[in-house]
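Dear colleague,

Please find below the structure that I am handing over to you, with the sequence and the coordinates together. My notes on what was found in it follow.

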Amino acid sequence: MSQLLEILKPGFLLHHALYGSAVMGFVCPLVGVYFLLRRLVFWGVALPQVSAAGIACAFMLQGLGWSMLAGAETQEKHLAIIGSVVFTGLSILFLAVMERRGKGVSEGRIGALYALAWAASILFVAWNAAGETEMLGLLKGEIVAISENDFHAMLDIFGLIAVVMFFFQREFLLVSYDRDMAVTLGRSVLVWDVLLYLIVGLTVSLGVMTVGPLVIFGFLVVPPMAALPWARGMMSFSIIASLCGGASALGGFYVSYTKDLPLGPVAVCVACGFLALSWLARAAWSRLKGRRAHTALPAV
Amino acid sequence: MKEPLIKFKHACLGYGGNPVLTGVDFEIQPQSFVGILGHNGSGKTTLLKTLLGLIPCMKGQFTSHGANLGLPRYGYVPQKERLDPIYPLSAHDVVAMGTYRKLEFFPRLRGKDGRGLIEHCLAACGASHLGQKAYSDLSGGQKQRVLIARALATEPEILALDEPLAGIDITTQKALLKLLKQFKEQRHLTILMVSHRIQAEKGLFTHIVWCDEGQVVMGPVDEMLSHGRLSEIFKAEL
């Protein structure tokens, strides 16, 4: 209890890490709901890995003498962001174009991209003679060491993402649910798809840098899965998923701090705990409803 | 004769450079009830998708204009199986999509969402009681009513339905056809309905568009359904 109070104090040493992981937990599921609904869950696996490969590539280039932004810590972060955004953006473009063409096996393409991204990440790390340890830290995500400036930048960007996701929910829903209907209503499916993919790219790129590929995948997919059985409409789906993600991040932070465990994996385990609870509760609720309906049947 | 709503002249329709229907030549007048008929794979859906602007006309002329000389407002009813049941939407949410024509910033900020129109459309389709139910839990006939309500919520000039009676029992089919007839008469809608059979609905159609072997022929319903005419065009038997 005393440790919980310590964490909640305004002067808590790791307060940026606490609030940062909470922001990630609340916002990522807002984007992740569309991964689930559009049946693009595998994108959630592949894109963080691609983003990690982008970070590794940027650092490798720097190590090989392409030191365009070398030097201070902030510049290294910028380098990582550029690598992450470029790789993620190009991959989304490739996947989206292939999806629209509708040829080939979608899962196969994503699987191949994932394997390539993973292999490339390892190779880029191996080729990077300088700063391997620091880069591995970035790849795993270093939210505990997040600086004041990075925290505020993250807050601004993820805040904007949350606003866009809520404000344009109708449009994203329409083009995801019934593309033909969207066209007959005069809506440009391409424009809304591009906006959604841009948001996905931004979320994944920044998320991977902040919490690492494993955690970003966990936050994108697991809270929406936990929320889906209880959702009654898009708004409730987004809100429940977001609350579940935020609670997982905060719960994960508490467990990580008190038990001295790595934050990311603990947060993902807590989210999976919520998922298991959600499924169990849903099964119990369905059984209870079935029993009630059975007892309410008139006697023949 | 009124100005046609839709006009094809020597048109060629298809996907990705592959023609499916050639020599398409017909006009659709306002307030007609047109059955787009043909066997599976005959190009009915290609024709409907071109009409709706989902795919471009490959060659020839295709013009359509509504009351204000702009594009006509379509109320589209897709095949109900096409909509993914994973979405956690109520019937009300599905009908609400019909009101998403405009990107209205301020009404949205004020929380105005066309609730009255949605409820009116659900009531017109006899689906008021379904509003709060999960769309994915509805029966085939109930889903079709909700999709027609969604199409009405677009305040259409043309109602375009893709196989609305497929997989629905005969009693519900009759009820849905009665509903469509009522909309045509009361709201003066033009209705285009794709079907691969004509038993239940032939009494409603004013015109029939036949698609077969890459060709399209249109005519008044009596003429098109006469045995001799059908044999002549498609060597088919009713």
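**Interface between the chains**

In this predicted model, 30 residues of chain B are in contact with 26 residues of chain A. The size of an interface is often given as the accessible area lost when the parts come together. Here chain B and chain A bury about 2800 Å² between them, and 62% of that area is on carbon and sulfur atoms.

The interface of chain B and chain A holds 4 salt bridges by the rule applied. One of the salt bridges in the model joins B:R82 to A:D178, with 2.8 Å between the closest N and O atoms. The rule for polar contacts finds 8 residue pairs across the interface of chain B and chain A, counting pairs in which both residues have pLDDT 80 or more.

Four elements of chain B each supply at least two residues of the side that touches chain A: helix 1 (44-52), strand 5 (74-77), helix 2 (91-96) and helix 3 (105-109). Helix 3 of chain B gives the most to this side, with 3 residues. By class, the side of chain B that touches chain A consists of 17 nonpolar, 3 polar and 10 charged residues.

**Salt bridges over the whole structure**

Over all chains, the search finds 9 salt bridges. Among them is the one in which the side chains of B:D84 and A:R39 meet, at 2.6 Å from N to O. This pair crosses between chains: B:D84 lies in the loop between strand 5 and helix 2 of chain B, and A:R39 lies in the loop between helix 2 and helix 3 of chain A.

**The largest pocket**

The volume of the largest pocket is about 1100 Å³. Its lining comprises 34 residues, and those nearest the centre of the pocket are A:E99, A:R100, A:R179, A:V189 and A:D193. The elements that give two or more residues to this lining belong to chain A, namely helix 3 (41-63), helix 4 (73-101), helix 5 (106-127), helix 8 (169-177), helix 9 (179-184) and helix 10 (189-211). Sorted by class, the lining residues of the largest pocket are 16 nonpolar, 4 polar and 14 charged.

**Cavities**

The count of cavities of 30 Å³ or more comes to 2.

The largest cavity has a volume of about 50 Å³. It is lined by A:V31, A:Y34, A:F35, A:R38, A:L40, A:W43, A:L196, A:Y197 and A:V200. Helix 2 (15-37) and helix 10 of chain A are the elements that give two or more residues to this lining. In the lining of the largest cavity there are 8 nonpolar residues, no polar residues and 1 charged residue.

For the second largest cavity, the volume is about 30 Å³. The residues that line the second largest cavity are A:L30, A:Y34, A:M165, A:F166, A:Q169 and A:S238. At least two residues of this lining come from each of helix 2 and helix 7 (148-167) of chain A.

With kind regards

Note on methods
Residues numbered from 1 in each chain as written. Chains lettered and ligands numbered in written order. Predicted model: local features only at pLDDT ≥ 70, side-chain atom pairs only at ≥ 80, totals over all residues. Heavy atoms only, no water. Contact = heavy atoms within 4.5 Å. Buried area = accessible area lost by both parts, 1.4 Å probe. Polar contact = N/O pair within 3.5 Å; in protein donor to acceptor, adjacent residues only side chain to side chain. Nonpolar A, V, L, I, M, F, W, Y, C, P; charged D, E, K, R; others polar. 1 Å grid on protein atoms, 1.4 Å probe; cavity = no way out; pocket = protein on both sides within 12 Å on 5 of 7 lines; lining within 4 Å. Points joined across faces, edges and corners; volume = space filled by probe spheres on them.
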